[in-house]
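Good morning, and thank you for coming. I would like to take you through one structure, beginning with a term we shall need and ending with a few individual side chains.

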Amino acid sequence: MTRQAEFEGFSVWQDPLPGETLFSWCSRYHLLTVNGLDRNTCLQLFGHHRTGTAHDFPARVGVFVRETRGALGTASEIIQQRTLLPFYLPFRPEALGRQAEQALCGQGIGHLKYRLGLLSSGLGAAHPLKACASCVREDLALHGWAYWRRSHQLPGVWLCPRHHEPLQVSPLKLDQAARFLWVLPTQGCCAPVPCLEGLNAGQTAWLLKLGTLSTALLDCVPGQFDDPARISQAVRDRLRAWGMAYSTGRIRWSMVEPVLIRMAMDMVCLPELSHQSDPELLRSQLLRLLSGRALTHPLRYLLWIASWFDDLADFHLAYSEVQVAHGKEDRLRTEAVTPPSYGPSEQQQLIVLQASRGSLSLTAAAKQAEVSYATMAFWVSRQGGEISRRPKKVSPSMWDHMVIELQSGVNKEAVALAYNVSIATVTRVLRTVPGLQEHWHIVRHEQRRTAARYAWEQISGLHVYMGSKALRRLQPAAYAWLYRNDRDWLKASSRSLRRSVDGNHSTMRIENADGRMALALKKLANRNSAQQRWTLEALKISIPRIEKAIRSPERWPRTINALGRILTI
């Protein structure tokens with residue numbers, strides 16, 4: 001079929017509207033040129049009958065710039081100003097940002113959504129088309145047609161920044177049959193989101209703040225917040241400033257848990273994360289953030305930024321201060337002087353040699369070296385010198401028995417109790433008998449290793465029934481000692497344990513997710529108890545992830561059960 005709007009001398013042009021996406025501009029172009037089939041417009045603008053129709057990450061932008069002779073700007077300008085890609089880049093490495101831009105300019109985006117973390121985020125990779133009913137009416141009156149605003153399409157934006165009204169969702173572009181169409185918002189084409197109805201003042205303020213953070217993220221450069229360790233330190237510093245963490249950085253959970261409960265209540269009205277509105281899950285995600293591990297989706301970062309910071313500029317300042325602090329620490333380390341020595345100096349060493357040869361008494365040597373008698377006796381014993389004693393409380397036979405006890409590895413407290421002397425006296429015996437202290441430490445280390453290995457071997461057979469984490473809780477002291485002092489043996493022992501289940505615990509994760517999604521459905525039903533009967537489409541709009549349960553009902557039994565009860569009310 002001949003492509004329309006390609007006749008000789010025939011050209012159509014339109015200026016982009018404020019904040020308009022590339023998809024919206026192409027949809028208006030499609031209607032203006034009366035191209036008929038959507039594939040004709042796609043061929044005309046992108047050189048392909050389908051690639052280019054994506055409303056979030058359109059490909060072949062380079063071809064579009066060539067066909068339109070750069071009328072909307074360069075490919076980089078179009079990607080930065082009229083697609084959703086900039087939202088995902090500030091928390092990702094700068095190199096990935098360059099590769100993502102090249103993918104949008106190329107023939108197809110390939111595995112870009114996977115590399116950006118969308119597929120593994122638990123939030124889904126789809127971006128439903130959203131519009132504000134008031135904006136649609138104003139656009140029709142002002143321009144003659146409505147258009148898709150990029151600020152409305154961002155994850156986390158569910159209230160219109162201008163009218164503070166809940167956004168409505170278009171079913172188009174989510175349906176496989178309509179994913180390659182050019183469409184514009186019209187009055188009545190979008191459906192309201194049930195979980196956004198009846199918002200209280202706190203939820204409205206929270207959603208507006210979250211939307212402001214999402215919009216502000218568009219102005220950040222790729223890789224601006226790509227260091228999870230610095231994000232972790234910035235959040236921990238803020239918690240410490242608010243009294244929610246000790247000076248050591250340990251979290252005061254009694255003060256943080258009310259915040260998590262409030263977040264879970266607010267997340268019920270956030271369609272992307274309504275199925276994860278669980279305080280316990282939020283606690284584990286906060287621990288992941290504070291441990292310096294990267295989160296999979298920018299919206300997860302924005303949730304915590306909305307809780308602990310005033311705005312994105314406030315977070316950026318805290319993030320930058322962490323960098324300055326680390327820079328000072330590095331500078332101090334490089335400028336640090338030689339660490340102090342705790343052994344005898346050169347002059348003191350000469351005195352120690354004289355005392356060990358017997359040419360100088362220990363008392364005189366200690367006075368000349370300006371140290372205590374016990375310190376001088378310890379230095380001389382390390383040189384192999386014999387210490388002459390003038391016993392007062394410890395007789396020679398008691399001394400010999402104490403040495404034998406210590407050579408066998410008996411702890412100092414037991415020796416002191418057995419011979420009715422102080423621990424300081426036992427320590428003096430250890431330090432003044434040549435080679436005794438080193439021998440005692442070796443024997444004690446071997447005793448601890450034997451005891452720790454025995455304790456761990458006694459419970460290792462329970463691994464089949466409990467797993468490694470539960471084993472560590474049964475013998476925390478033995479595990480900690482082996483981990484610090486005998487890690488090679490511990491690793492070899494762990495490898496030899498028979499594993500009950502191979503894999504990455506996906507079954508357990510799905511069971512937990514099934515329970516959370518079923519709970520989210522119950523919360524949604526209770527929150528909208530006065531509403532008319534639910535429809536499946538309305539539930540899909542409020543909890544988009546429910547589509548997974550519908551496709552695999554055998555893996556989501558509790559969700560399907562809750563879904564059946566809601567639909568039959």
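Let me begin with accessibility: a residue is called buried under 20% relative accessible area, exposed over 50%, and partly exposed in between. Arg162 has a relative accessible area of 59%, and because the cut-off for exposed is over 50%, Arg162 counts as exposed. Please keep in mind throughout that what you see is a predicted model.

Now the overall picture. The protein chain contains 30 helices and two strands. Of its 569 residues, 45% are buried. If we take the contacts between residues at least 6 apart in sequence, 65% of them join residues at least 24 apart.

As an example of helix packing, please look at helix H1, residues 22-33, and helix H2, residues 38-46. Their axes are 10 Å apart, and the two helices pack at an angle of about 115 degrees. The crossing of H1 and H2 is right-handed. On the H1 side, the residues making the contact are Leu22, Trp25, Cys26, Tyr29, His30 and Thr33, while H2 contributes Asp38, Thr41, Gln44, Leu45 and Phe46.

I turn next to charged pairs. Side chains of opposite charge can pair when their charged atoms come close. How many salt bridges does a search of the whole structure find? The search finds 12, and I shall describe three of them.

Arg162, as we saw, is exposed; Glu138 is partly exposed, at 32% relative accessibility.

My next pair is Glu446 and Arg449, whose side chains meet at 2.3 Å, N to O. Both residues lie in helix H22, residues 436-459, and because they are three residues apart there, about one helical turn separates them. Glu446 is partly exposed at 37%, and Arg449 is also partly exposed, at 24%.

The remaining pair is Glu67 and Arg66, where the closest N and O atoms are 3.8 Å apart. Glu67 is partly exposed, with a relative accessible area of 40%, and Arg66 is exposed, at 56%.

Arg300 sits in helix H14, residues 298-308.

Finally, Gln153, in helix H9. Is Gln153 buried or exposed? At 4% relative accessibility, Gln153 is buried. Its side chain reaches two backbone oxygens: that of Lys130 at 2.8 Å and that of Arg149 at 3.1 Å. Beyond four places away in sequence, the residues touched by Gln153 include Thr21, Leu84, Pro128 and Trp148.

Thank you for your attention.

Technical notes:
Residues numbered from 1 in each chain as written. Predicted model: local features only at pLDDT ≥ 70, side-chain atom pairs only at ≥ 80, totals over all residues. Heavy atoms only, no water. Helix = DSSP H or I, 4+ residues; strand = E, 2+ residues; numbered from the N terminus. Axes fitted to C-alpha atoms, helices over the stretch in contact; angles between N-to-C directions. Left-handed = near helix turned anticlockwise from the far one by under 90°. Contact = heavy atoms within 4.5 Å. Buried < 20%, exposed > 50% of the residue type's maximum accessible area, 1.4 Å probe, protein only. Salt bridge = Lys/Arg side-chain N within 4 Å of Asp/Glu carboxyl O. Polar contact = N/O pair within 3.5 Å; in protein donor to acceptor, adjacent residues only side chain to side chain.
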